[in-house]
Amino acid sequence: MAELLDRSFMDFQVWDMPGQIDYLDGSFDMETIFTGVGGIVWVIDAQDNYMEPIRRVTDTILHLSELYPDIKYSVFVHKTDSLTEDYREDTIRDIMQKTSDELFDNGLENPPVSFHATSIYDNSIFEAFSKVMQAIVPQLPTYEALLDTVKATCRFEKVFLIDVMSKVYIATDTSPANMPAYELCSDYINAIMDLSDMYVYDRPQQRAPDARLKDIRTQTAESLVCCVRNHTLYLREINAFLALIGVSKEPKFVQEKAMVDFNVQTFQDTILQVFERS
(Lines give C-alpha, C1' and ligand atoms only; values in the text may rest on other atoms or scores of the structure.)
Protein backbone atom coordinates (compact mmCIF):
# COMPACT_ATOMS: atom_id res chain seq x y z
CA MET A 1 0.00 0.00 0.00
CA ALA A 2 1.38 3.40 -0.97
CA GLU A 3 0.28 6.70 0.53
CA LEU A 4 1.34 9.90 -1.20
CA LEU A 5 1.70 12.89 1.11
CA ASP A 6 0.96 15.64 -1.38
CA ARG A 7 0.33 18.45 1.12
CA SER A 8 3.78 18.33 2.60
CA PHE A 9 6.91 20.39 2.03
CA MET A 10 8.75 17.30 0.81
CA ASP A 11 7.39 15.27 -2.09
CA PHE A 12 7.69 11.76 -0.73
CA GLN A 13 5.79 8.49 -0.45
CA VAL A 14 5.28 6.24 2.55
CA TRP A 15 4.97 2.53 1.75
CA ASP A 16 3.37 0.42 4.46
CA MET A 17 4.87 -3.07 4.05
CA PRO A 18 3.80 -5.87 6.43
CA GLY A 19 6.79 -7.11 8.37
CA GLN A 20 5.84 -10.78 8.13
CA ILE A 21 6.28 -10.81 4.34
CA ASP A 22 9.78 -11.58 3.07
CA TYR A 23 10.40 -8.97 0.38
CA LEU A 24 13.89 -10.35 -0.16
CA ASP A 25 12.40 -13.52 -1.61
CA GLY A 26 13.10 -14.08 -5.30
CA SER A 27 9.43 -13.82 -6.17
CA PHE A 28 9.53 -10.06 -5.49
CA ASP A 29 11.15 -7.50 -7.79
CA MET A 30 13.68 -5.88 -5.46
CA GLU A 31 14.67 -3.26 -8.00
CA THR A 32 11.08 -2.00 -8.27
CA ILE A 33 10.60 -1.98 -4.50
CA PHE A 34 13.87 -0.49 -3.27
CA THR A 35 15.19 1.72 -6.09
CA GLY A 36 14.88 5.35 -5.03
CA VAL A 37 14.13 4.50 -1.40
CA GLY A 38 15.66 7.02 1.01
CA GLY A 39 14.83 5.36 4.30
CA ILE A 40 13.33 2.21 5.78
CA VAL A 41 11.51 2.24 9.10
CA TRP A 42 11.05 -1.02 10.99
CA VAL A 43 8.53 -1.04 13.84
CA ILE A 44 9.21 -3.47 16.71
CA ASP A 45 6.61 -4.11 19.40
CA ALA A 46 8.38 -3.62 22.74
CA GLN A 47 5.71 -5.67 24.51
CA ASP A 48 6.13 -8.73 22.30
CA ASN A 49 8.93 -11.23 21.67
CA TYR A 50 11.30 -9.19 19.52
CA MET A 51 13.95 -11.77 18.63
CA GLU A 52 12.36 -12.69 15.28
CA PRO A 53 11.82 -9.03 14.25
CA ILE A 54 15.46 -8.29 15.09
CA ARG A 55 16.56 -11.17 12.86
CA ARG A 56 14.43 -9.86 10.00
CA VAL A 57 15.75 -6.33 10.50
CA THR A 58 19.37 -7.45 10.35
CA ASP A 59 18.72 -9.73 7.36
CA THR A 60 17.14 -6.83 5.48
CA ILE A 61 19.99 -4.43 6.25
CA LEU A 62 22.68 -6.97 5.37
CA HIS A 63 20.96 -7.84 2.11
CA LEU A 64 20.37 -4.27 0.98
CA SER A 65 23.52 -2.56 2.26
CA GLU A 66 25.64 -3.47 -0.78
CA LEU A 67 22.98 -2.98 -3.45
CA TYR A 68 21.48 0.22 -2.00
CA PRO A 69 24.15 1.82 0.23
CA ASP A 70 22.35 5.18 0.48
CA ILE A 71 19.30 3.83 2.33
CA LYS A 72 19.03 4.98 5.95
CA TYR A 73 17.45 2.60 8.46
CA SER A 74 15.39 3.42 11.53
CA VAL A 75 13.97 1.12 14.17
CA PHE A 76 10.92 2.33 16.09
CA VAL A 77 10.65 0.53 19.42
CA HIS A 78 6.90 0.95 19.75
CA LYS A 79 4.42 0.69 22.65
CA THR A 80 7.03 1.63 25.23
CA ASP A 81 4.53 3.79 27.12
CA SER A 82 3.10 0.91 29.17
CA LEU A 83 6.51 -0.29 30.39
CA THR A 84 8.07 0.89 33.62
CA GLU A 85 10.89 3.38 33.16
CA ASP A 86 13.66 0.92 34.10
CA TYR A 87 12.22 -1.91 31.99
CA ARG A 88 11.66 0.48 29.07
CA GLU A 89 15.29 1.56 29.06
CA ASP A 90 16.45 -2.06 29.38
CA THR A 91 14.25 -3.15 26.48
CA ILE A 92 15.44 -0.38 24.17
CA ARG A 93 19.06 -1.03 25.11
CA ASP A 94 18.64 -4.78 24.54
CA ILE A 95 17.15 -4.27 21.06
CA MET A 96 19.91 -1.85 20.11
CA GLN A 97 22.64 -4.16 21.41
CA LYS A 98 21.31 -7.33 19.77
CA THR A 99 20.82 -5.59 16.42
CA SER A 100 24.27 -3.97 16.47
CA ASP A 101 25.97 -7.21 17.54
CA GLU A 102 24.26 -9.19 14.80
CA LEU A 103 25.29 -6.69 12.13
CA PHE A 104 28.84 -6.50 13.47
CA ASP A 105 29.17 -10.30 13.53
CA ASN A 106 28.24 -10.31 9.84
CA GLY A 107 30.91 -7.76 8.97
CA LEU A 108 28.85 -4.56 8.89
CA GLU A 109 30.46 -1.93 11.10
CA ASN A 110 28.82 1.40 11.94
CA PRO A 111 25.60 0.71 9.98
CA PRO A 112 23.29 3.68 9.27
CA VAL A 113 20.68 2.57 11.82
CA SER A 114 18.94 4.77 14.38
CA PHE A 115 16.64 3.67 17.21
CA HIS A 116 13.66 5.59 18.59
CA ALA A 117 11.20 4.82 21.39
CA THR A 118 7.68 5.66 20.19
CA SER A 119 4.12 5.76 21.46
CA ILE A 120 0.77 6.87 20.07
CA TYR A 121 -0.04 8.64 23.32
CA ASP A 122 2.52 11.44 23.01
CA ASN A 123 4.52 13.26 20.34
CA SER A 124 7.36 10.73 20.25
CA ILE A 125 6.13 9.32 16.93
CA PHE A 126 6.41 12.76 15.31
CA GLU A 127 9.84 13.25 16.89
CA ALA A 128 10.98 9.91 15.46
CA PHE A 129 9.67 10.65 11.97
CA SER A 130 11.37 14.03 12.15
CA LYS A 131 14.70 12.26 12.67
CA VAL A 132 13.93 9.93 9.76
CA MET A 133 13.23 12.86 7.44
CA GLN A 134 16.31 14.79 8.56
CA ALA A 135 18.49 11.80 7.70
CA ILE A 136 17.47 12.02 4.03
CA VAL A 137 17.46 15.83 3.65
CA PRO A 138 20.71 16.74 1.84
CA GLN A 139 20.54 20.43 2.80
CA LEU A 140 20.21 19.71 6.54
CA PRO A 141 23.57 21.25 7.55
CA THR A 142 22.59 24.50 5.81
CA TYR A 143 19.21 24.59 7.55
CA GLU A 144 20.80 23.90 10.92
CA ALA A 145 23.36 26.67 10.45
CA LEU A 146 20.63 29.18 9.59
CA LEU A 147 18.54 28.09 12.57
CA ASP A 148 21.56 28.39 14.88
CA THR A 149 21.89 31.99 13.74
CA VAL A 150 18.20 32.70 14.37
CA LYS A 151 18.38 31.06 17.78
CA ALA A 152 21.37 33.21 18.80
CA THR A 153 20.11 36.55 17.43
CA CYS A 154 16.55 36.12 18.74
CA ARG A 155 17.62 34.44 21.99
CA PHE A 156 15.35 31.45 21.48
CA GLU A 157 15.72 28.47 23.75
CA LYS A 158 14.89 26.18 20.82
CA VAL A 159 13.79 26.80 17.24
CA PHE A 160 12.16 24.42 14.75
CA LEU A 161 11.43 24.46 11.02
CA ILE A 162 8.21 22.45 10.93
CA ASP A 163 6.11 20.95 8.16
CA VAL A 164 2.75 22.19 9.36
CA MET A 165 0.50 19.49 7.91
CA SER A 166 2.49 16.53 9.23
CA LYS A 167 3.96 18.23 12.36
CA VAL A 168 7.33 16.76 11.38
CA TYR A 169 10.23 19.17 11.78
CA ILE A 170 12.68 18.99 8.92
CA ALA A 171 15.37 20.84 10.88
CA THR A 172 16.15 22.38 14.24
CA ASP A 173 19.13 24.14 15.74
CA THR A 174 22.10 22.08 16.89
CA SER A 175 21.50 22.47 20.62
CA PRO A 176 20.57 19.26 22.51
CA ALA A 177 17.17 17.74 21.82
CA ASN A 178 14.34 19.26 23.85
CA MET A 179 11.24 17.08 23.77
CA PRO A 180 9.11 19.36 26.01
CA ALA A 181 9.81 22.29 23.66
CA TYR A 182 8.76 20.22 20.65
CA GLU A 183 5.58 19.14 22.45
CA LEU A 184 4.74 22.82 23.02
CA CYS A 185 5.26 23.52 19.32
CA SER A 186 3.17 20.52 18.29
CA ASP A 187 0.26 21.58 20.48
CA TYR A 188 0.67 25.14 19.18
CA ILE A 189 0.33 23.93 15.57
CA ASN A 190 -2.79 21.96 16.48
CA ALA A 191 -4.37 25.16 17.79
CA ILE A 192 -3.29 27.14 14.72
CA MET A 193 -4.69 24.49 12.35
CA ASP A 194 -8.00 24.45 14.23
CA LEU A 195 -8.31 28.20 13.61
CA SER A 196 -6.86 28.28 10.08
CA ASP A 197 -10.15 27.72 8.28
CA MET A 198 -11.65 30.70 10.07
CA TYR A 199 -8.80 33.07 9.20
CA VAL A 200 -7.62 31.72 5.84
CA TYR A 201 -6.36 34.24 3.29
CA ASP A 202 -5.17 34.21 -0.32
CA ARG A 203 -1.39 34.14 -0.57
CA PRO A 204 0.26 36.08 -3.39
CA GLN A 205 1.76 33.84 -6.04
CA GLN A 206 5.06 35.68 -6.09
CA ARG A 207 6.65 38.44 -4.05
CA ALA A 208 8.24 41.32 -5.90
CA PRO A 209 11.98 41.06 -5.25
CA ASP A 210 12.43 44.75 -4.52
CA ALA A 211 9.11 45.45 -2.79
CA ARG A 212 9.72 44.72 0.88
CA LEU A 213 6.76 46.03 2.80
CA LYS A 214 7.34 48.49 5.56
CA ASP A 215 5.43 46.32 8.01
CA ILE A 216 7.01 42.92 7.53
CA ARG A 217 4.33 41.35 9.65
CA THR A 218 1.89 41.62 6.73
CA GLN A 219 4.01 39.50 4.38
CA THR A 220 3.24 36.14 5.93
CA ALA A 221 1.09 34.73 8.69
CA GLU A 222 2.49 34.90 12.21
CA SER A 223 1.41 34.30 15.78
CA LEU A 224 2.72 35.01 19.25
CA VAL A 225 1.57 33.37 22.47
CA CYS A 226 2.91 34.26 25.91
CA CYS A 227 2.92 32.51 29.27
CA VAL A 228 2.59 28.93 27.99
CA ARG A 229 4.24 26.92 30.76
CA ASN A 230 6.47 29.94 31.37
CA HIS A 231 7.44 30.07 27.69
CA THR A 232 6.73 32.42 24.80
CA LEU A 233 5.96 30.78 21.46
CA TYR A 234 6.64 32.63 18.23
CA LEU A 235 5.41 31.31 14.87
CA ARG A 236 6.22 32.70 11.43
CA GLU A 237 4.99 31.15 8.20
CA ILE A 238 7.89 30.51 5.80
CA ASN A 239 5.85 29.26 2.84
CA ALA A 240 2.59 27.39 2.26
CA PHE A 241 3.98 24.27 3.96
CA LEU A 242 6.60 25.34 6.50
CA ALA A 243 6.60 27.44 9.62
CA LEU A 244 9.38 28.55 11.93
CA ILE A 245 8.51 28.19 15.61
CA GLY A 246 10.75 29.58 18.30
CA VAL A 247 10.48 28.83 22.01
CA SER A 248 11.75 31.51 24.38
CA LYS A 249 12.05 32.10 28.11
CA GLU A 250 13.32 35.63 27.59
CA PRO A 251 11.22 37.93 29.85
CA LYS A 252 11.57 40.91 27.47
CA PHE A 253 10.69 38.93 24.32
CA VAL A 254 7.49 40.87 23.59
CA GLN A 255 9.24 44.24 23.96
CA GLU A 256 11.97 43.07 21.57
CA LYS A 257 9.60 41.51 19.03
CA ALA A 258 10.48 44.08 16.33
CA MET A 259 14.08 42.86 16.38
CA VAL A 260 12.89 39.26 16.28
CA ASP A 261 10.66 40.02 13.29
CA PHE A 262 13.57 41.54 11.40
CA ASN A 263 15.90 38.61 12.13
CA VAL A 264 13.28 36.02 11.21
CA GLN A 265 12.47 37.93 8.02
CA THR A 266 16.14 37.75 7.07
CA PHE A 267 16.09 34.02 7.77
CA GLN A 268 12.98 33.61 5.64
CA ASP A 269 14.49 35.47 2.68
CA THR A 270 17.67 33.40 2.92
CA ILE A 271 16.09 29.97 3.26
CA LEU A 272 13.68 30.63 0.40
CA GLN A 273 16.74 31.27 -1.77
CA VAL A 274 18.16 27.94 -0.58
CA PHE A 275 14.92 26.20 -1.55
CA GLU A 276 15.07 27.73 -5.04
CA ARG A 277 18.61 26.41 -5.58
CA SER A 278 17.92 22.94 -4.18
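Does Phe76 count as buried or exposed, and at what relative accessibility? At 2% relative accessibility, Phe76 counts as buried, where buried means under 20% relative accessible area, exposed over 50% and partly exposed in between, with a 1.4 Å probe and protein chains only. This is a predicted model, in which local features need pLDDT of at least 70 and side-chain atom pairs count only at pLDDT 80 or more, while totals for chains, interfaces and linings use all residues. Residues are numbered from 1 along each chain as its sequence is written, and side-chain values use heavy atoms, with hydrogens and water left out.

**Aromatic pairs**

- The structure holds nine aromatic pairs, a pair being rings of Phe, Tyr and Trp (its six-membered ring) whose centres lie within 6.5 Å, with planes under 30 degrees apart counted as stacked, over 60 as edge-to-face and the rest as tilted.
- Among them, Phe76 and Phe129 have ring centres 5.2 Å apart and planes at 85°, so this pair is edge-to-face.
- Because Phe76 lies in strand β4 (residues 72–78) and Phe129 in helix α4 (residues 124–135), the pair ties together parts that are 53 residues apart in sequence; helices (H or I, at least four residues) and strands (E, at least two) are DSSP runs, numbered from the N terminus.
- Phe129 is partly exposed, with a relative accessible area of 32%.
- Tyr234 and Phe253 also form an edge-to-face pair, at 6.1 Å centre to centre and with 70° between the planes.
- That pair links distant parts of the chain, 19 residues apart, with Tyr234 in strand β9 (residues 231–237) and Phe253 in the loop between β10 (242–248) and α7 (257–277).
- Tyr234 and Phe253 are both buried, and together with Phe156 they form one aromatic cluster.

**Nonpolar cores**

- In the largest nonpolar core, which has 25 residues, Phe34, Ile44 and Leu64 touch the most other members; such a core is a set of buried Ala, Val, Leu, Ile, Met, Phe, Trp, Tyr and Cys residues joined through side-chain atoms within 4.5 Å.
- At least two residues of this core come from each of α1 (30–34), β3 (39–45), α2 (51–64), β4, α3 (85–105) and β5, and α2 gives the most, with four residues.
- A second, separate core of 23 residues includes Tyr143, Phe156, Ala171 and Phe267.

- Thr118 belongs to strand β5 (residues 113–118) and, at 1% relative accessibility, counts as buried.
- Neighbours within four places in sequence aside, Thr118 is in contact (heavy atoms within 4.5 Å) with residues including Phe76, His78, Ser124 and Ala128.
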